[in-house]
Amino acid sequence: DIIPQPLLDQYLSMTDPARAQTVDTEIAKHCAYSLPGVALTLGRQNWHCLKDTYETLASDVQWKVRRTLAFSIHELAVILGDQLTAADLVPIFNGFLKDLDEVRIGVLKHLYDFLKLLHADKRREYLYQLQEFVVTDNSRNWRFRYELAEQLILILELYNPNDVYDYLRHIALTLCSDKVSEVRWISFKLVVAILQKFYANNANALGLNFINELVVRFRHCSKWVGRQAFAFICQVGMFSLCVSMCTFN
């Protein structure tokens with residue numbers, strides 16, 4: 001009663017391998033691109049009509065098909081709501097996290113958008129996996145690490161100061177020592193955002209511990225690039241006024 005059944009059947013048949021041979025070699029990619037719109041039209045109450053098709057697309061041998069889904073999974077999560085997302089999308093999301101970099105970048109670019117839709121306990125499980133984004137198939141793919149730093153700045157609001165200190169702090173310090181200056185610069189902003197998180201939540205002890213770690217790791221670094229990193233962190237920190245002048249001194 002929403003769309004004609006023959007039209008829906010035609011759409012669902014786009015995943016048939018025979019259609020790729022007779023109609024269009026990229027028909028599965030077109031199907032994946034349109035799926036959020038079809039899901040929105042049908043409504044979450046009719047998700048069962050699309051679930052099998054979505055799972056078929058998510059396991060397609062063509063990485064471009066999986067990449068298309070990875071870039072839109074956060075939009076589909078909004079359409080389906082938290083319960084269906086936890087049941088049907090989270091397993092596919094987890095699979096994309098272990099896929100090729102061409103697919104992983106899709107979930108990484110909208111990592112904050114997806115994680116904020118999950119319940120706190122489910123969201124916390126991903127703290128253990130965020131470190132995996134530092135490692136890429138190609139170490140020259142520095143934009144991947146740059147995107148990670150940008151997403152972490154947003155993700156900070158989703159976790160408490162202790163979780164930030166125990167998990168995200170390590171990633172930030174690693175990115176601050178990246179070989180690419182663009183990655184290091186955005187990472188300095190991430191470090192300052194972490195300090196802001198600590199002091200805004202009255203976790204002054206964590207903030208002071210982190211500052212001491214920055215001093216040891218960068219201020220007293222034997223390499224000039226490390227000492228330069230400390231100077232840049234101080235510059236960003238001073239402009240944002242995330243810590244008091246007494247603490248800074």
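# A guided visit to a predicted model

Visitor: Which residues does I105 touch, not counting residues up to four places away in sequence?
Guide: I105 touches R67, F71, F144 and E147. A contact means that heavy atoms lie within 4.5 Å. Before we go on, this is a predicted model: local features need pLDDT of at least 70 and side-chain atom pairs count only at pLDDT 80 or more, while totals for chains, interfaces and linings use all residues. Residues are numbered from 1 along each chain as its sequence is written, and side-chain values use heavy atoms, with hydrogens and water left out.

Visitor: Why is I105 called buried?
Guide: Its relative accessible area is 14%. Buried means under 20%, exposed over 50%, and partly exposed in between (1.4 Å probe, protein chains only). The value for I105 falls under the cut-off, so I105 is buried. You will find I105 in helix α6 (residues 101–109). The C-alpha atoms of I105 and A70 are 8.0 Å apart, although 35 residues separate the two along the chain.

Visitor: What makes a stretch of residues a helix or a strand?
Guide: Both are DSSP runs, numbered from the N terminus: helices are H or I with at least four residues, and strands are E with at least two. The protein chain has 14 helices and zero strands.

Visitor: What makes E55 partly exposed?
Guide: E55 has a relative accessible area of 36%, which places it in the partly exposed range. E55 lies in helix α4 (residues 51–58).

Visitor: What about Q131: where does it lie?
Guide: Q131 is in the loop between α8 (120–124) and α9 (142–155). Q131 is also partly exposed, with a relative accessible area of 36%. Beyond residues up to four places away in sequence, Q131 touches H170 and I171.

Visitor: Why does N202 count as exposed?
Guide: N202 has 67% relative accessibility, over the limit for exposed, so it counts as exposed. N202 sits in the loop between α11 and α12. Its phi is near 60°, a positive value in a residue other than glycine. Most residues other than glycine have a negative phi.

Visitor: How many disulfides does the structure hold?
Guide: The structure holds zero disulfides. A disulfide is a covalent bond between the sulfur atoms of two cysteines. Here the rule is a pair of cysteine sulfur atoms within 2.5 Å.

Visitor: How do you know which rings pair?
Guide: Rings of Phe, Tyr and Trp (its six-membered ring) pair if their centres lie within 6.5 Å; planes under 30 degrees apart are stacked, over 60 edge-to-face, and the rest tilted. By this rule there are eleven aromatic pairs.

Visitor: Why is the pair of F198 and F210 edge-to-face?
Guide: Their ring centres are 6.2 Å apart and their planes meet at 85°, so the pair is edge-to-face. F198 lies in helix α11 (residues 181–200) and F210 in helix α12 (residues 204–219), so the pair ties together parts that are twelve residues apart in sequence. Both F198 and F210 are buried.

Visitor: Which residues have the most contacts inside the largest nonpolar core?
Guide: They are Y54, I73, F96, F133, Y159, L168 and F210, in a core of 82 residues. A nonpolar core is a set of buried Ala, Val, Leu, Ile, Met, Phe, Trp, Tyr and Cys residues joined through side-chain atoms within 4.5 Å. Helix α5 (residues 63–97) gives the largest share of this core, 14 residues.

Visitor: Where is confidence lowest in the protein chain?
Guide: Helix α14 (residues 245–248) is lowest, at a mean of 53, and helix α7 (residues 111–115) is highest, at 96. This confidence is pLDDT, given by the predictor for each residue from 0 to 100. Where pLDDT is low, the predicted coordinates should not be read in detail. The mean pLDDT of the protein chain is 89, and 94% of its residues reach 70 or more.
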